[in-house]
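Subject: A structure for you to explore

Hi,

Here is the structure I promised to pass on. Please open it next to this email and follow along as you read.

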Amino acid sequence: MHMSNESLIVILLVGLIAGWLAGQIVRGTGFGLIGDLVIGIIGAFIGDWLLPRLGIHLGTGIVSAIINATIGALVLLLLIRLVRGRGRW
């Protein structure tokens, strides 16, 4: 599989925005540039796996990709909070 530079930039941009949004919602602040990016990209994989299994289809395009990745990132952050316990970061 060949990935173009534009595809990589879109993936990184979606991951960064989704991670930042999830950080704002859950913690009230972001996690820094690298933290937001990692959380957003992992969240995109989680959202891409989870939402179709729940029967939720957001459509195509960058806005739906950001929403999908943000939902996945929120699930990831809430799972981390549950595993760590007591809601402490």
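Below is what I found in it, from the overall layout down to single residues.

First, some housekeeping. This is a predicted model, in which local features need pLDDT of at least 70 and side-chain atom pairs count only at pLDDT 80 or more, while totals for chains, interfaces and linings use all residues. Residues are numbered from 1 along each chain as its sequence is written, and side-chain values use heavy atoms, with hydrogens and water left out.

The overall layout

The protein has three helices and zero strands, and along the sequence the pattern reads α-α-α. Helices here are DSSP runs of H or I with at least four residues, strands are runs of E with at least two, and both are numbered from the N terminus. Of the 89 residues, 26% count as buried; buried means under 20% relative accessible area, exposed means over 50%, and partly exposed lies in between (1.4 Å probe, protein chains only). The accessible surface comes to about 6,000 Å², and 69% of that belongs to carbon and sulfur atoms. Accessible areas come from the Shrake-Rupley method with a 1.4 Å probe, and for residues only the protein chains shown count as cover.

Helices α2 and α3

Helix α2 covers residues 32–53, which makes 22 residues, and reaches 31 Å from its first C-alpha to its last, close to the expected 32 Å. The expected span is 1.5 Å times one less than the number of residues. For the 23 residues of α3 that rule gives 33 Å, and the end C-alpha atoms are 32 Å apart, which agrees.

Which residues of α2 are buried? They are D36, I39, G40, G43, G47 and L51, and they pack against α1 (5–26) and α3 (62–84). In α3 the buried residues include S64, N68, T70 and G72, and what covers the buried residues of α3 includes α1 and α2.

The core

The largest nonpolar core has seven residues: A22, V26, I39, A73, L74, L76 and L77. Such a core is a set of buried Ala, Val, Leu, Ile, Met, Phe, Trp, Tyr and Cys residues joined through side-chain atoms within 4.5 Å. Helix α3 gives the most to this core, with four residues.

Take a look at A22. Leaving aside neighbours within four places in sequence, A22 is in contact (heavy atoms within 4.5 Å) with R27, T70, A73, L74 and L77. T70, in helix α3, counts as buried because its relative accessibility is 9%.

The surface

V10, L13, L54, I56, L58, I62, V63, I67 and I71 form a nonpolar patch with about 740 Å² of accessible area together. Patches are made of residues with over 30% relative accessible area and no salt bridge; like charges are joined within 9 Å, and nonpolar side chains (Val, Leu, Ile, Met, Phe, Trp, Tyr) within 5 Å. A salt bridge is a side-chain nitrogen of Lys or Arg within 4 Å of a carboxyl oxygen of Asp or Glu. Helix α3 gives the most to this patch, with four residues.

Is L54 buried or exposed? L54 is exposed, because its relative accessible area is 55%, and L54 lies in the loop between α2 and α3.

Happy exploring!
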